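Please look at the sequence and structure below. Some questions about the terms applied to them come after.

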Amino acid sequence: TGRFTFDPGFTSTASCESKITYIDGDAGILLYRGYPIDQLAEKSSFLEVAHLLLNGNLPNAAENDEFTKNITRHTMIHEQLAQFYRGFRRDAHPMAIMCGIVGAMAAFYHDSTDIHDPKQRMIASHRLIAKMPTLAAMAYKYSIGQPFLYPDNSLSFAGNFLRMTFGVPAEPYIIDPVVEDAMEKLLILQADHEQNASTSTVRLAGSSGANPFACISAGIACLWGPAHGGANEAALNMLREIGTPDRIPEFIARAKNKDDPFRLMGFGHRVYKNYDPRAKVMATVAKNVLDKLNIKDPIFDVARELERIALSDPYFIDKKLYPNVDFYSGVVMSAIGFPTSMFTVLFAISRTVGWIAQWTEMMEDPEQKIGRPRQLYTGPTQRDFVPLSNRP
Ligand code: CMC
């Protein structure tokens with residue numbers, strides 16, 4: 001084009017410099033601030049990972065205490081914000097509610113919308129991370145007609161979210177440590193993934209100087225799509241539709257048929273041309289949760305068999321299509337008790353940390369410019385206006 005490069009889907013464009021997340025898609029490596037994702041999932045807590053992504057280092061004991069206090073101080077929401085839920089239909093998709101509610105936070109927290117003040121930016125970050133589980137649990141409670149539960153700051157990040165989602169005021173909620181651990185790992189695995197579609201959306205929205213609540217709301221909207229965060233819901237629906245291992249060849253044949261738009265959901269990735277390291281951890285988590293809860297869900301067998309067959313099929317081998325994180329995460333969330341409509345919401349709770357870390361990094365960059373891609377115009381050439389009465 002002469003003046004600029006034509007790169008639809010930005011497959012070969014680096015939109016920014018970043019020190020947060022490193023991916024080597026060919027080798028199947030994912031590092032947060034240099035630490036391998038499997039080590040973090042195995043040994044760390046979600047709040048430690050949040051500190052790492054936001055501040056660049058794993059917290060020491062004092063920093064961990066302080067960060068935990070800074071987050072838990074913000075877990076409650078303004079009571080007036082709770083009124084918003086009543087305006088939605090009970091059968092509203094929770095992602096629709098989340099887009100609205102998170103955007104509306106800008107109308108409540110005026111002391112953290114000045115994007116030029118680092119302190120306000122930090123408070124906005126803490127607020128968003130802290131309030132997402134509360135808002136998400138409320139979206140779920142609203143859909144099933146149960147009362148909202150206030151957060152309990154004595155619990156872990158995952159434990160508090162599980163209680164607000166599945167607990168009721170009438171009786172104590174007993175947290176199963178295996179479920180709590182699975183939830184924590186799920187949150188860690190999805191916390192950041194460099195310049196994916198929703199993160200790029202957050203950066204693009206933020207590049208104009210929009211406030212962080214509006215930017216995260218834009219990220220949630222982008223995450224909702226089935227090619228991105230909605231893939232876990234789509235993957236689980238697909239596994240249920242397949243139902244039994246003997247039907248797998250039929251679906252593999254459909255995925256390979258160019259005239260059929262069907263794709264194996266939870267398979268393939270723009271960046272990973274190898275096994276997604278998050279999927280490996282997720283497969284183990286799925287097995288642990290199903291074993292511990294004694295759930296005999298045939299979809300786990302379908303998933304494992306589908307993976308085995310696909311990974312020995314020349315179509316998937318040649319195109320380097322491997323299971324991605326969404327392939328097993330749906331199995332885990334479903335076993336824990338979440339309806340499929342909540343899957344992407346869980347992803348949003350986790351990814352909020354990555355979004356806000358990336359937004360902060362961008363805001364701290366003195367060279368930061370408004371994001372403004374160009375286009376290849378393919379419309380009509382210049383022509384003269386024709387009055388309505390003269391148009392054929
Ligand atoms: N099943 C069957 N064929 C596939 C699949 C699949 N899941 N994924 C890609 N292909 C084929 C595709 O038809 C194309 O074939 P050809 O070169 O003959 O036209 C080739 O592989 C390359 O596909 P692409 O669509 O050009 O690759 P992309 O990098 O644009 O797409 C993707 C990546 C993730 C959107 C795609 O693999 C896909 O649609 N997967 C299913 C949805 C999914 O699991 N999404 C979750 C992504 S990971 C979570 C996240 O980051 O949010």
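The questions and answers below set values against definitions.

This is a predicted model, in which local features need pLDDT of at least 70, side-chain atom pairs count only at pLDDT 80 or more, and totals for chains, interfaces and linings use all residues. Residues are numbered from 1 along each chain as its sequence is written.

Q: Why is His269 called buried?
A: A residue is buried if 20 or more other C-beta atoms, placed from the backbone, lie within 10 Å of its own, exposed if 12 or fewer, and partly exposed in between. His269 has 24 C-beta neighbours inside 10 Å, so it counts as buried.

Q: What makes Asp326 buried?
A: Asp326 has 28 other C-beta atoms within 10 Å, and is therefore buried.

Q: Which residues does the UniProt annotation "active site" cover?
A: The unreviewed UniProt entry lists His269 and Asp326. They are spread over 58 residues of sequence but cluster in space, with a largest C-alpha distance of 10.5 Å. Such annotations may be inferred rather than shown by experiment.

Q: Which residues is His269 in contact with, leaving aside neighbours within four places in sequence?
A: Asp276 and Asn324; contact means that the C-beta atoms, placed from the backbone, lie within 7 Å.

Methods
Two residues are in contact if their C-beta atoms, placed from the backbone, lie within 7 Å.
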